[in-house]
Amino acid sequence: MTGLGAVTPLGIGVDELWQGLVEGRCGITELAGAEFDGLPVRIAGSVPVDPAGLLPRPQARRMNRAAQFAVLAAREAWQDGGLDVAGTVESGLEPERVGVSVGAILGDASVLVGGDRQLRDKGPRAVSPLTTPMTVPSQAASQVSLALRITGEARTVSSACASGTEAIGQAIDRIRYGHVDIALAGGAEAVITPAIMASFAAMRALSTHALGSTSPSRPFAKDRDGFVNGEGAGFLLLEAEEHARARGARIYCEAAGWGLSADAHHMAAPDPSGKGVALAMRRAVRDAGAHVVDVVHVNAHATATSDGDLAEAGALRAVLGRSVPVTALKGHLGHLQGAAGGVEAVAAVLTLHHGLIPPTIGCEDQDDAIELDLVTKSPRPLPALGDLALSNSFGFGGHNAVLALRRIG
């Protein structure tokens with residue numbers, strides 16, 4: 001891992017993300033705009049800055065909101081890795097040896113909704129020719145490749161809320177097996193729309209807690225009652241070790257391994273046994289050539305749903321068999337959907353790099369059934385013994401993906 005980039009409800013950039021996490025700030029706000037009037041839930045983790053204003057106007061007009069997030073985060077990771085923002089050639093790289101791997105569920109649902117509204121209100125001639133290319137989930141990957149002139153590959157992974165983590169895992173393998181030397185990988189999502197908010201509310205999946213002294217998203221808490229919808233992007237620059245060392249790159253940590261599994265249980269609900277989650281974690285540790293005793297920290301998926309948090313906690317206890325410091329970041333950010341894995345991987349990398357675990361916010365009173373060593377109230381130094389951190393992502397439909405990251409030095 002040689003570069004990091006993020007656009008989140010805490011602000012633009014990795015510094016805003018990290019400082020917000022360490023300080024225990026909450027980026028969840030009330031949704032403004034008449035289109036959200038009448039919804040049973042009107043809070044979300046919205047990015048506080050219009051991303052279109054941070055990009056050249058002609059370029060921004062041809063991107064959906066998720067792609068705008070992706071380009072900003074990918075460009076930051078690229079520059080953080082010491083590369084020229086003008087692109088691959090200017091950075092001294094072979095464009096065909098560089099790849100992009102992006103996770104997204106829908107990308108940006110508002111474009112298709114807007115096109116349908118134009119069709120109904122004004123007829124077919126009013127529908128923009130950009131509607132289709134700006135609707136597809138793969139737009140984020142293609143726009144990142146365009147922005148940096150990356151020709152090796154531009155991949156899109158769609159596996160519900162595990163998408164960002166799986167996209168990073170796919171990039172690890174593409175480098176391992178020699179297809180590319182360097183890759184930008186992560187997730188991007190922009191699905192805070194009235195219909196999606198209403199759908200999640202109808203599922204009774206959203207938190208109904210009001211904004212107040214603590215976050216309405218309450219991972220592992222006794223009073224948790226659902227997730228908070230969010231948006232953003234998180235990207236990492238990954239390289240083959242010899243490639244990074246040859247160009248003198250700063251190395252944050254090692255992308256040591258990853259694991260996948262499927263619950264095969266329900267179209268939306270998690271398997272309460274946590275067996276699929278446990279399998280993905282064990283596979284990630286094994287893929288890293290490590291043992292569970294090497295795990296020093298877990299960045300939990302923990303969406304603050306009643307069943308999901310219990311299943312993950314049970315899996316953590318079953319796999320690790322001991323107390324390991326755990327943090328859950330959705331109290332700060334909300335649930336960024338396909339982007340969650342990318343942003344939370346950035347946070348896990350920074351945890352290893354700085355030796356500091358950000359606190360979980362929103363959990364004022366931990367559920368007795370969770371039985372985890374949850375970091376709350378203030379940051380905690382990373383334990384000295386052990387070198388592996390896990391970053392968990394689990395998606396509705398039973399998609400499970402886990403990254404294993406190893407600290408260096």
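Predicted model: local features only at pLDDT ≥ 70, side-chain atom pairs only at ≥ 80, totals over all residues.
Q: Why are α3 and α6 called oblique to each other?
A: Helix α3 (residues 65–80) and helix α6 (residues 139–148) pack at an angle of about 45°, their axes 9 Å apart. Axes are lines fitted to C-alpha atoms, for helices over the stretch in contact, and angles run from 0 to 180 degrees between N-to-C directions. Angles under 35 degrees count as roughly parallel, over 145 as roughly antiparallel, 65 to 115 as roughly perpendicular and the rest as oblique. The pair is therefore oblique.

Q: Which residues of α3 and α6 meet?
A: From α3, the residues are A67, A70, V71, A74 and W78, and they meet Q139, A140, Q143, V144, A147 and L148 in α6; contact means heavy atoms within 4.5 Å. By class, 9 are nonpolar, 2 polar and none charged. Here Ala, Val, Leu, Ile, Met, Phe, Trp, Tyr, Cys and Pro count as nonpolar, Asp, Glu, Lys and Arg as charged, and the others, Gly among them, as polar.

Q: Why is α7 described as roughly perpendicular to α13?
A: The axes of α7 and α13 come within 5 Å and cross at roughly 65°. That value makes α7 roughly perpendicular to α13. In the contact, G164, T165 and I168 of α7 meet G341, G342 and A345 of α13. The residues divide into 2 nonpolar, 4 polar and no charged.

Q: What is the largest nonpolar core made of?
A: The core has 42 residues, and those with the most contacts inside it include L17, I168, L236 and V349. A nonpolar core is a set of buried Ala, Val, Leu, Ile, Met, Phe, Trp, Tyr and Cys residues joined through side-chain atoms within 4.5 Å. Elements that give two or more residues include β1 (3–8), α7 (163–176), β8 (232–239) and α13 (340–354). Helix α13 gives the most, with 9 residues. Among the residues that L236 touches are M1, I168, A345 and V349.

Q: How do you know whether A160 and R204 are buried or exposed?
A: A160 has 8% relative accessibility and counts as buried, whereas R204, at 75%, counts as exposed. A160 lies in the loop between β6 (153–157) and α7, and R204 in the loop between α8 (194–202) and β8. Although neither is a glycine, A160 has a positive phi of about 55° and R204 one of about 60°.

Q: Why is G355 called partly exposed?
A: The relative accessible area of G355 is 24%, so this residue is partly exposed. G355 lies in the loop between α13 and β12 (356–357). Its contacts, not counting residues up to four places away in sequence, are L350, R380, P381 and L382.

Definitions and conventions. Residues numbered from 1 in each chain as written. Heavy atoms only, no water. Buried < 20%, exposed > 50% of the residue type's maximum accessible area, 1.4 Å probe, protein only. Helix = DSSP H or I, 4+ residues; strand = E, 2+ residues; numbered from the N terminus.
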